Amino acid sequence: MSHEKREVTVTIDGREVTAIEGEMLHDAARKGDVEIPVFCYEPKLGAPVGACRMCLVEIEGIPKLQTSCSTPVRDGMVVHTRTDQVKKAQNAVVEFLLVNHPLDCPVCDKGGECPLQDITQGWGPGKSRVIDEKRHFEKPIELSPLVAIDRERCILCYRCVRFSQEVSEDAQLQLLERGDRTYVGTFDDRPYVSPFHGNITDLCPVGALTNYTYRFRARPWDIEQAGSVCTLCPSQCNVSFTVRDEKVKRVLARENPGVDDGWICDRGRYGFEMFAAAERVTEPRTKGGTKVSYEDAIARAAAGLAARDGKVAAIVGDASNEEGFLVQGIVRGALHSPHLDSRPAAGPGIDAILDLARPELQATVTDIDDADVILVLGTDPLQSSPILDLRIRKAIRRSGARLAVATERPTALDGGAEAIARYAPGQASYFIGALTAAVASGAENVATPLAESLRDAGKIVIVWGERLGASATNELLGLARALDVDGPKTGLSDGFSAHQQVGLLEVPEVANARGLREAGVLPDAGPGLAALAVNGYGTEAIREALIDRSLDGLILVGVDPLRDFADTSRWEEAINAASFVVCFSTFATATAAKADVLFPLETHAEKDGTVTHPDGRLQRVRPAAGRPGDIRPGWQTLANLSLALGHDTGVTSQPTAFAALTAAVPFYASITESNIGGRGIRWQETESGASVPDAGIASADARSRRVSGESTPASGTSTAAPGAATDSPDTQRDSASAEAVAAPGAPELTLGTYRDLWAGPITELNPPLKFLKPSQRLELSPEDAERLELAPGDPVRVSQGDKSIDATVTVHERIPAGVCFLAEGIAGANANALLNGHQVNVQIEKRSEVPA
């Protein structure tokens with residue numbers, strides 16, 4: 001959908017500037033280092049509106065002044081920005097803006113970093129002729145529990161309203177009244193609550209919109225800005241931490257077009273206050289909460305793990321690439337065990353992972369912008385990777401992209417989709433197979449409407465969720481082949497050949513999932529996705545092996561199985577069965593309480609390391625704030641633990657940890673910290689990017705390196721501990737789901753689960769976000785609600801065998817009959833307690849009282 005545009009030359013204040021035909025004059029002037037003042041103009045918001053009139057310029061051949069923000073350049077255009085006529089107009093605009101603007105800069109949070117102050121000094125008249133009373137509003141008003149609005153300061157630039165209407169598309173903010181009584185507000189003064197609404201405080205060019213979390217906390221001369229990356233979700237948005245006295249006081253968006261388009265969600269913006277929560281682990285501890293020194297903790301951990309040499313497993317979640325690399329080195333090199341994983345459930349085997357890692361199969365975030373069709377498969381970006389939700393909306397709104405959605409549960413993007421399909425929980429593999437058949441042969445089946453959307457498209461981006469499961473991932477590769485992804489090309493962003501081109505963009509379960517896999521935190525692949533002589537157990541097989549005592553030790557890094565993994569009771573049994581547990585955790589969780597040795601973890605505001613975006617972009621997480629208590633860098637603790645176990649990694653600093661990582665991962669080999677820079681770099685676009693092992697060769701190499709006659713665990717989802725079920729959980733879920741959907745009149749419903757954006761410590765440990773803390777809700781179709789005689793708001797008990805949780809009924813017309821949904825990670829009512837990989841049918845019983 002991209003079209004080449006020719007370059008043109010314009011003259012601005014006597015300077016010749018080269019611009020792209022159709023580019024706005026204001027943007028061209030910036031290229032020529034000519035500053036034109038603006039208030040309303042913001043390219044991220046879409047088409048300019050020319051509302052503030054601050055950017056008026058004189059163009060030869062046009063008698064009246066023109067707004068540079070909305071005037072496209074043309075070849076040979078001659079522009080003047082400093083004539084008397086322009087200065088007079090600019091002075092008038094500033095004077096009119098100040099007619100009703102209060103002169104309260106000394107007490108305004110925007111003071112010192114305010115565009116209105118700067119423009120008044122640079123382009124204003126320097127004096128005021130107004131002696132009349134200014135207009136007054138009640139101030140400040142709570143626009144939302146997080147944002148205050150001071151309407152006296154508002155200059156009606158429209159930025160916040162345009163964001164609400166055209167970017168987040170929640171349509172809550174609007175301009176009310178008319179003329180000089182106009183003000184920004186919401187219908188009936190309802191609170192403005194949206195997952196992205198904090199962005200309006202960045203957009204506001206005056207002090208009209210401010211964050212309650214930052215009001216009166218600091219002045220611009222008291223603070224420092226530190227750029228880093230948010231790792232609270234897989235979006236990995238670029239952020240800037242406002243730091244005072246080594247503490248984070250504010251989080252701002254740091255624009256990176258290849259990642260976030262300059263936006264961040266409210267989870268990343270307001271989540272920083274949990275860094276100082278009372279539940280924060282700030283020093284090493286032993287079981288029972290006894291505080292110990294690092295040296296003592298490392299000695300205890302090393303002794304306990306060494307005594308279980310060969311019988312220790314590790315599961316890694318919230319960690320940098322370097323930390324993941326060091327963990328796999330400890331497990332494989334120091335403890336002689338192959339058992340480790342970085343996925344909360346069974347995932348695809350190494351062959352599928354290698355196929356998915358092929359550079360020609362990858363879509364980038366920016367590929368979404370000019371896709372013909374976007375297929376969202378098995379994920380709701382708003383819940384799992386919020387910034388992708390905005391990116392997809394942008395592609396539909398600005399580029400005319402068509403959207404197709406195929407998920408278990410309704411998504412926030414359904415309203416803009418031209419084709420929507422629902423499949424039962426656990427039936428993703430069957431559905432993708434049907435879609436492949438419909439695309440390849442024109443077969444008529446449940447996926448035909450989606451196939452029609454895909455079949456005639458030129459450029460297709462498939463945004464898929466890791467929650468699809470292992471067998472569905474294999475089917476996804478078949479779909480890519482059916483859509484002719486293997487044709488000649490050098491990358492999606494480089495244009496098309498005559499046939500369709502498809503790129504895949506994964507939405508993983510944890511923020512740095514791709515980086516951990518590529519660092520070697522997999523049961524069947526080492527660093528660089530290299531084949532292993534001996535494969536180990538995956539996450540679920542580790543659980544079963546702990547229960548039957550074939551494994552005896554456990555290392556947990558940045559994971560909380562008792563909250564985040566399916567089958568809570570089984571995980572509790574497994575952790576209790578382990579005779580020695582070492583845990584690295586940011587907060588004191590139920591899992592951390594069971595650790596024999598507990599080490600504190602840094603937050604992303606304190607960490608120094610790299611992470612890998614789902615599209616392969618390595619980004620640098622830089623320390624911005626001081627570490628509270630006695631928290632030491634994760635790489636340092638792991639390197640010292642490895643050394644205490646007799647395995648010297650040679651890592652003595654963050655640069656040496658990164659060097660060890662790039663030396664072990666062939667396709668990272670040409671990447672340096674300097675070329676990562678502030679925007680990151682995709683390894684597929686580097687000299688070493690072609691060094692990904694071939695799937696077939698890797699498997700053959702692994703087979704040839706295995707000891708003859710040695711029994712090794714199978715790779716991928718079939719990896720099973722002794723005594724564990726041999727069928728994959730995905731297969732077992734499929735059969736259970738098929739039975740449930742086939743008999744919708746039965747008293748049981750098929751259970752599907754999802755992870756709510758606000759579930760977990762982000763709201764429980766953050767005072768400003770506690771109002772968003774979700775309660776457990778059972779989502780039902782209208783047909784099932786009527787059949788079960790349930791109404792919205794009814795209290796119910798959802799049971800599966802001897803396990804049950806309490807919830808409140810919510811009825812959704814877009815949920816198909818025969819299925820129901822619960823949220824994972826809800827404190828006190830966690831849907832993970834009902835999942836076991838074998839049976840996903842639940843019974844629903846109405847209760848007499850509302851759950852607490």
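Predicted model: local features only at pLDDT ≥ 70, side-chain atom pairs only at ≥ 80, totals over all residues.
Biologist: Which residues lie nearest the centre of the second largest cavity?
Modeller: Cys-154, Cys-157, Cys-160, Cys-204 and Leu-209, out of 16 lining residues. The volume is about 110 Å³. A cavity is a set of points on a 1 Å grid over the protein atoms alone where a 1.4 Å probe fits but cannot get out, and lining residues have an atom within 4 Å of a point.

Biologist: What touches Ile-200?
Modeller: Leu-143, Val-147, Cys-160, Phe-163, Leu-173, Tyr-192 and Leu-209 do, leaving out residues up to four places away in sequence. Contact means heavy atoms within 4.5 Å. Ile-200 and Phe-163 have the most contacts inside the largest nonpolar core, which has 62 residues. Such a core is a set of buried Ala, Val, Leu, Ile, Met, Phe, Trp, Tyr and Cys residues joined through side-chain atoms within 4.5 Å, buried being under 20% relative accessible area with a 1.4 Å probe and protein chains only.

Biologist: Which element gives the most to this core?
Modeller: Helix 4, with four residues.

Biologist: New topic. Which residues of helix 18 are buried?
Modeller: In helix 18 (568–577), Thr-568, Trp-571, Ala-574, Ile-575 and Ala-577 are. Their cover includes strand 16 (312–316), helix 16 (539–547) and strand 24 (580–585).

Biologist: And the largest cavity, how many residues line it?
Modeller: There are 17, and Ile-353, Leu-356, Trp-464, Glu-506 and Arg-517 lie nearest the centre of this cavity. Its volume is about 250 Å³. Domain 3 (292–345 + 514–691) and domain 4 (351–508 + 700–721) each give at least three lining residues; the domain bounds come from an automatic or database assignment.

Biologist: Which elements are in that lining?
Modeller: Helix 9 (350–357), strand 22 (501–507) and helix 15 (513–518) each supply at least two residues.

Biologist: How many cavities of 30 Å³ or more are there in the whole structure?
Modeller: The search finds eight. Volumes here are the space filled by probe spheres set on the grid points, which are joined across faces, edges and corners.

Definitions and conventions:
Residues numbered from 1 in each chain as written. Heavy atoms only, no water. Buried < 20%, exposed > 50% of the residue type's maximum accessible area, 1.4 Å probe, protein only. 1 Å grid on protein atoms, 1.4 Å probe; cavity = no way out; pocket = protein on both sides within 12 Å on 5 of 7 lines; lining within 4 Å.
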